Amino acid sequence: MTETQFTPRVFSGIQPSGNLHLGNYLGALKRFVDMQGPEFQTVYCMVDLHAITTWQDPKDLAHSTRELCAGFIAAGIDPEHSILFNQSQVPEHAQLAWVFNCVARMGWMQRMTQWKDKAGKNQQNASLGLFAYPSLMAADILIYHATHVPVGDDQKQHLELTRDIAIKFNNDFGVDFFPITEPVIEGTATRVMSLRDGSKKMSKSDTSDMSRINMTDDADAIAKKIRKAKTDPDALPSEIDGLEDRPEARNLVNIYAALNDQTAEQVLADVGGKQFGDFKPMLAELAVEKLSPISSEMARLMGEEAEIDQILARGAERARTIASPILQKTYEIVGMVGAGKS
Ligand code: AMP
Ligand code: TRP
């Protein structure tokens with residue numbers, strides 16, 4: 001297949017479930033902003049259908065969706081340039097997901113580590129949606145024929161599955177219809193770790209709020225969380241090799257680098273030899289400098305609910321103009337009578 005037949009298009013999504021945190025910002029949002037430009041058409045989505053694979057209080061879901069939209073815009077997504085919307089308002093996602101449920105195999109889904117982690121020991125009691133989650137994710141991407149998908153490291157396996165679904169669909173029906181999407185997992189912050197435990201990723205679901213920096217945290221909270229972040233007693237090394245077997249130290253250096261648009265090597269060249277007692281205040285100052293304009297803009301936008309709802313509605317309309325013909329063509333390929341006629 002020649003990938004050049006597809007318009008260069010970026011798609012990515014974030015779940016509106018709970019707070020946006022620094023891992024989401026550095027691993028996803030900030031990189032979404034970097035990909036806005038003449039090279040790609042950019043499509044970004046609040047994946048509310050994914051969020052309900054685990055229980056969401058309806059009021060909280062609506063609040064989180066708007067807050068996430070505010071976060072996208074505050075971080076630098078321009079809703080005039082990028083297409084910004086919530087997933088449920090473009091029904092073609094769920095419609096294509098059904099077709100993909102019939103392409104993907106049970107065994108593929110059972111291998112997904114996120115399914116195993118989230119369902120835990122009680123798989124029988126997990127929702128069917130949680131199991132089928134990656135098939136909906138493949139539909140999110142492929143309903144736009146997206147060629148590039150920026151995500152954090154934890155989504156790599158889901159993107160491989162998306163490629164497998166596209167390949168199997170193309171083979172089964174003898175077409176070159178769906179692109180083989182490129183994962184874009186780049187930079188120093190593709191896996192931001194918990195501030196309390198360098199072996200666990202920073203996550204919305206961690207019970208300890210001290211483990212993560214939320215995008216809505218104020219300057220004092222950010223400084224306190226960094227001051228209390230777990231570290232080791234040694235000074236920082238000048239070379240990257242010196243971070244081996246020091247996951248907490250590596251995490252703080254990577255966070256500093258990503259916030260400051262530097263590499264970890266560049267950061268260590270400056271701070272090598274410093275103790276954490278000196279480095280942590282530098283990191284806190286940088287984090288506050290970069291994050292507080294975003295959190296105050298988020299707060300301002302949250303006061304403009306009608307404006308947010310309008311942005312989302314307009315985004316969904318624009319998204320449908322791309323998604324609808326691709327769904328119709330898919331139905332035609334599959335043999336659904338009436339497809340493509342409206
Ligand atoms: P989620 O909050 O699970 O919807 O994730 C949204 C995006 O943030 C995805 O691209 C994730 O890969 C990314 N992400 C989530 N947690 C982290 C983390 N700790 N480090 C880097 N990226 C992350
Ligand atoms: N599964 C992703 C996460 O939890 C969110 C997501 C849903 C997504 N659909 C997507 C990311 C499509 C990229 C592309 O982080």
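Helices and strands on this tour are DSSP runs, a helix having at least four residues and a strand at least two, and they are numbered from the N terminus. Keep in mind throughout that this is a predicted model.

**Stop 1: the largest cavity**

Searching the whole structure turns up 4 cavities of 30 Å³ or more. For the largest cavity, select Gln15, Pro16, Gly18, Asn19, Leu20, Ser64, Glu67, Leu68, Lys204 and Met298, which line it. The space inside the largest cavity comes to about 60 Å³. Now colour H3: this helix supplies the largest share of the lining of the largest cavity, 3 residues. Sorted by class, the lining of the largest cavity has 4 nonpolar, 4 polar and 2 charged residues.

**Stop 2: the second largest cavity**

Next, select Met112, Gln114, Trp115, Lys118, Leu130, Phe131, Tyr133, Pro134 and His158, the lining of the second largest cavity. H6 and H7 are the elements that give two or more residues to this lining. H7 has the largest share of the lining of the second largest cavity, with 4 residues. The volume of the second largest cavity is about 50 Å³. Its lining divides into 6 nonpolar, 2 polar and 1 charged residues.

**Stop 3: the largest pocket**

Time to move on to the open spaces. The largest pocket has a volume of about 1200 Å³.

H1 provides the largest share of the lining of the largest pocket, 5 residues. By class, the lining of the largest pocket holds 15 nonpolar, 20 polar and 9 charged residues.

**Stop 4: ligand 2**

Now show ligand 2 and the 13 residues that surround it; the closest are Gln15, Tyr133, Met137, Asp140 and Gln155. An N or O atom in the side chain of tyrosine 133 is 2.7 Å from a nitrogen atom of ligand 2. A polar side-chain atom of aspartate 140 also lies 2.7 Å from a nitrogen atom of ligand 2. For glutamine 155, the distance from a side-chain N or O atom to a nitrogen atom of ligand 2 is 3.0 Å. Of the 360 Å² of accessible area that ligand 2 has on its own, the protein covers 91%.

**Stop 5: ligand 1**

Switch to ligand 1, which 17 residues surround. Select the closest of them, Gly152, Asp154, Val192, Met202 and Lys204. Does the backbone or the side chain of each partner approach this ligand? For glycine 152, a backbone N or O atom lies 2.8 Å from an oxygen atom of ligand 1. For valine 192, a backbone N or O atom lies 2.8 Å from a nitrogen atom of ligand 1. Lysine 204 uses an N or O atom in its side chain, 2.8 Å from an oxygen atom of ligand 1. The protein covers 92% of the 480 Å² of accessible area that ligand 1 has on its own.

**Stop 6: the second largest pocket**

For the last stop, select Leu26, Arg31, Asp34, Glu186 and Gly187, which lie nearest the centre of the second largest pocket, lined by 15 residues. H1 and helix H10 (247-259) are the elements that give two or more residues to this lining, and H1 gives the most, with 4 residues. About 260 Å³ of space lies in the second largest pocket. Its lining has 7 nonpolar, 3 polar and 5 charged residues.

Why does the second largest pocket lie between domain 1 and domain 2? Colour domain 1 (9-190 + 304-334) and domain 2 (209-300) separately: the pocket lies between them because both give residues to its lining.

Definitions and conventions. Residues numbered from 1 in each chain as written. Chains lettered and ligands numbered in written order. Predicted model: local features only at pLDDT ≥ 70, side-chain atom pairs only at ≥ 80, totals over all residues. Heavy atoms only, no water. 1 Å grid on protein atoms, 1.4 Å probe; cavity = no way out; pocket = protein on both sides within 12 Å on 5 of 7 lines; lining within 4 Å. Points joined across faces, edges and corners; volume = space filled by probe spheres on them. Nonpolar A, V, L, I, M, F, W, Y, C, P; charged D, E, K, R; others polar. Domains from an automatic or database assignment. Near = heavy atom within 4 Å. Polar contact = N/O pair within 3.5 Å; in protein donor to acceptor, adjacent residues only side chain to side chain. Areas by Shrake-Rupley, 256 points an atom, 1.4 Å probe, with all protein chains shown as cover.
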